[in-house]
Structures are given as C-alpha cells and as structure tokens.
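Read it alongside the sequence and the model.

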Amino acid sequence: MKFEDILSEINGFGTFQKTLLLNNFIGRFGLVSHFILNIFINVIPSHHCDFDTLDADDVFGNLTYEQRLTVSIPQREDGTFDSCLMFSEPQFDLLKNSSSPTEPPVVPCQNGWIYDNSMFTSSLATQWDLVCEKAGMNNAVVTIFFLGVMFGAAMFGSLSAIFGRKKMLLASYISAMGFALASVYSSSFTMFAVLRFFTGLSITGIVIISTILNVEWVDIEHRKLVSVIDSMSWTFAIMCFCPIAYWIREWRWLTVAVTLPISVSIVSWWWIPESARWLIANEKVEEAHYYLRKCAIMNRREEVISSIKPEVLSSIVGTEGENRKYSYLDLVRTPKMRRLALKTGLIWFCVATVSYGIIFGIGNLDLNLYLTQFVYGIIEIPSKLCVYYLLDRIGRRTTVVGALLLAGFSLLINTFIPKDQTVVRTVIAVLGRGCSGASFMTIILYSSELYPTVLRQNGMGYNSFLARLAVSVAPLVLLLDDLWGHLSQVTLCAIALFAGFVIYQLPETRNRCLPETIEDIEGTKKKLSDMISE
C-alpha cells in the first residue's frame, strides 16, 4: 500500500487539507512582505546639504528658499541641485545670473542633509544619513537580509528533516517575528543590519516548510491546484502590501504593520498537523496514525481509517531506512540522487537569477513605486492561472520550460526596441515578469515531487539556498550594462535557455506518486514479494 492510496481513501483534498492550505496561505503574508519591505525602507529620497551654517549671521535676510538653495548649493549640468556638495560660503553673485571666471569653492556637506519627505516620512537613508559616500549601505542591508535568507533555507531544510515540519515552522514564526520587531528599536545601522540578517534567517523557514506540508498532505490530483493557490499567496501579499505601504510612510511603523500578522499564524499553528509522510519515514507510525485519523474525521471518512492499523503504515517505507537520520550529504551519496541534486540546484539558481534580474532591471517603468509593485503582483494572476491549466495538459517539465523561454525572449526582444518606445518596452517587460513568476511557481511544485520524502525538506532547503544566492548575483548581472547597454538582458536570456535545457534532462512527474525513499529514486527498493522469498 502506498501513502497516496491512504490519502485517496480518506479524501486527499477535503476540509482537513483546505484548512491547512488556508493557514499556510495566511502565514505567507509576513514572509513576502519582508521581501518587498527592502525596496521601500531603503529608498533614498531627494536631498541636499543642510546649509544653515552659511546663515550663521542671518546673511540670507529675506531670501526665498529657492534663492537660498541657489547661493548655497552648486547645480549639476541638468540644472538640479547637487546632493552631496555645498559652497564653502554663500555665492550671492549667482542671484544675478552672472558667471564667475573661477569655479566657486565647494565642500562636502558639513552639517548633515535636508530630505524631501513628500513620499516617505522616514527611511533607512534619512534615519542614519545613508547618502553620498554611504549610499551603498542601503544596498548592503538588502544583501545582508538575503544572506540570512540563504543560510536560513539550508538551516531550516536540515532541521525540519530531523525534528519535523511542525516544530520548526513554529520556531520560524516566533524567531522571525521577534527579530523583525526588535529591528524597529535599532539604535544604530549596525544593530539594524544584524537584526535584518537574523530576520531573513528565521523567516525563510516559513516558505520551505509550509510548501512541503501542503504537498505532502494532498493527493496526486490536487497537487497542481495546491501549488497554484500556494503561489497565489505571494501575489496576494504583494497586492496587499502596496496599499499598506502607501498609508504608512514611516519605516519603523511599516515594519511593525507587516510583521504583526505573523502572530495570527502563531495562534493557528496549534492546529497545523505534522507531516504524516515524515512521521512514517521516521518510524513514528502511532503519531502518523493519529494525524491520519484526525484528517479522516474532518473529511468525514472515519470508517476508512478504522480499518487501517499503525502496523500497516510501517510497510509504506521499507525496513532499510529504519532509525536513520538523513542529512544534506545524502543528496550526493548515491549516483541518481547526486544527479538530481545537481540539476535541480542549477535550475533553481538560473530561474531565480532570471526572475530577480527582471525585477531589479525593469525600474524604468513610467510608474511610481507603489503602482509598479502592484503591477508586478497583478500580472502574476493571469500567468499562474495559465500554469494551472497547462500543468496537467502538457506536464510540469514543458510548462516550466515554456515559461522560462517566454521570459528569456521578452528580455531579448527588448534589446531590439528603441528606448524611446517606453510603452512597448514596459508591456514586454511586465509580460516577462509574469512568465518568470510562472516558472518559479512551477519549479517549486516540480522539485517537491522529484525528491523522496526522507530528503524532500533537505532537497528544497538546498534548492532555496541556491535561489537566494542567485538574488545576490542578479544585481551583478545588471552591471554588465556598463560594458554594453543590452548585455545584461542577453545574459539573462542565455541563462533562461540553459535552464530550459537542464530541465529537459529531468523526468516528468505528472500523475505520479511521490517517491518515499532514496531507493525509490535509485530504483533499488526491494518489492515485498522479493523480501518474503528471501
């Protein structure tokens, strides 16, 4: 008997599974919001030097603010005021539009900066003056956050394989909420950066654990639906985050606003079940039987579970894996597992590079920051609905390859469109964003179906680790534009094509049972009849 047979008997997509899906859907909001939060709290508003020191003796008199700027701040070639320099003394001659035969002496800002707070009441830049020579610190804190996410993926992937999905999900909720709220009270940038690292480290457990729980508790027929709904939580969170950020313009309160919903997930965690597959794989059949019985009762199939004894569950996973703990090393110990890990790791790295490369590279949309992010979210709805239709029509493998190729070609097409064709370039870029989101959604489902139960959490943690590494690489790819204006887009297109080639080396998983052990992958698991004959 296979685990899928038991799920079919007790209804693999009943009230039990829908409640689990809803709980995990809500739990994703805090995770996605903190990913997007980096964009908003790191904004550098328009600024110029504070020139009050030049008016020490009230020399400005009745000058208007614009006139004070003119005599205090040098102008660039485009007529805008410089952000990092000021005159060493007032240049009143500039009010007469007269040019000086020599350039007036300028100095770096002596008394801080004055910021334009019309869009943001405060940000990290205004809080700790992360401008001019310190402007790079804003990007540094994003990198630090995603480094935490990267290491957290590996950590929670391993720990949840050892201690179970449920316990580590709670640990992720509590630690993420604690570190995020603590960062609001940071008294220095260094303290904030450290707390953001641990926020990223903690919060990534939410996505990799909840995704596996959803997949392991539903039957074959509904895996694609669960994957689409699961992915829609990202879209929903992005669309909800934008109006919240629009109304809350202060970075501390915005951080609090998007962190507090995690408390709802902590409360609802008490209902979330442990993975019965994991329990069986770890020889905890009594506890697995408890959750299966709970599932059957909620799905009104209690008469079925009464005929299934705990002893029957132990036969689902062969005796070879008894009392064994699995680690990341098991991903490379056997030849087929080693090839699977190498291929999926490459694919996740490439898909994430293309996806985040598009996100970071289409900031030229003629929209404000809030509307841009909302468009990024809403474009994913039709693309993911298309994926839902295609997953069973053409399979997981062809779907993700098709989405990747469309994303890559959208990048390539934009290299041939003149930059003054803003509308056309924007439409193609947004379509590319939708396709990249669809490819990411599909590869998550596809990978979770490829790995066996005993290594599924480790495998997804390893893949997620490489995906977060790609987030750090994507901005570096965009720097290639300094060599040639379209080199980054051509590079991302090439990466998408390479990922598509690697994906076609993997088997299709449509309508197939999830593998349970490494022996299922290697094809060496003994059949029951062979074991009896021995």
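The second largest cavity has a volume of about 40 Å³. It is one of three cavities of 30 Å³ or more in the structure. A cavity here is a set of points, on a 1 Å grid over the protein atoms alone, where a 1.4 Å probe fits but cannot get out; lining residues have an atom within 4 Å of a point. Grid points are joined across faces, edges and corners, and the volume is the space filled by probe spheres set on the points.

This is a predicted model: local features need pLDDT of at least 70, side-chain atom pairs count only at pLDDT 80 or more, and totals for chains, interfaces and linings use all residues. Residues are numbered from 1 along each chain as its sequence is written, and side-chain values use heavy atoms, with hydrogens and water left out.

The lining of the second largest cavity includes Phe40, Ile41, Phe120, Ser122, Arg249, Glu250 and Trp251. Helices α2 (15-41) and α9 (251-259) each supply at least two of its residues. Helices (H or I, at least four residues) and strands (E, at least two) are DSSP runs, numbered from the N terminus. By class, the lining divides into seven nonpolar, one polar and two charged residues. Ala, Val, Leu, Ile, Met, Phe, Trp, Tyr, Cys and Pro count as nonpolar, Asp, Glu, Lys and Arg as charged, and the others, Gly among them, as polar.

Serine 123 sits in the loop between β4 and α4. Serine 123 is buried, at 1% relative accessible area. Buried means under 20% relative accessible area, exposed over 50%, and partly exposed in between (1.4 Å probe, protein chains only). What does the side chain of serine 123 reach at 3.0 Å? The backbone oxygen of valine 43. Leaving aside neighbours within four places in sequence, serine 123 is in contact (heavy atoms within 4.5 Å) with Ile41, Val43, Pro45 and Trp251.

Now the cysteines. The structure holds two disulfides, each a pair of cysteine sulfur atoms within 2.5 Å.

| Disulfide | S to S distance | S-S torsion |
|---|---|---|
| Cysteine 49 and cysteine 109 | 1.8 Å | about -70 degrees |
| Cysteine 84 and cysteine 132 | 2.0 Å | -105 degrees |

The link of cysteine 49 and cysteine 109 is left-handed. Cysteine 49 lies in strand β1 (residues 47-49) and cysteine 109 in the loop between β3 (106-108) and β4 (113-115), so the pair ties together parts 60 residues apart in sequence. Cysteine 49 is buried at 0% relative accessibility, and cysteine 109 is buried at 15%.

The link of cysteine 84 and cysteine 132 is left-handed. Cysteine 84 lies in the loop between α3 (65-72) and β2 (85-87), and cysteine 132 in the loop between α4 (124-128) and α5 (136-163), so this pair ties together parts 48 residues apart in sequence. Cysteine 84 is partly exposed, at 27%. Numbered in sequence order, the bonded cysteines pair 1-3, 2-4.

Cysteine 242 is buried at 4% relative accessibility. Cysteine 386 is in no disulfide either; the nearest cysteine sulfur, in cysteine 435, is 8.8 Å away. Cysteine 386 is partly exposed, at 46%.

Last, arginine 433. This residue is in helix α19 (residues 422-450). Arginine 433 is buried, at 6% relative accessibility.

Conventions:
On a 1 Å grid over the protein atoms alone, a cavity is a set of points where a 1.4 Å probe fits but cannot get out, and a pocket is an open set with protein on both sides within 12 Å along at least five of seven lines; lining residues have an atom within 4 Å of a point. A polar contact is a pair of N or O atoms within 3.5 Å; within protein, one must be able to donate a hydrogen and the other to accept it, and residues adjacent in sequence count only if both atoms are side-chain atoms.
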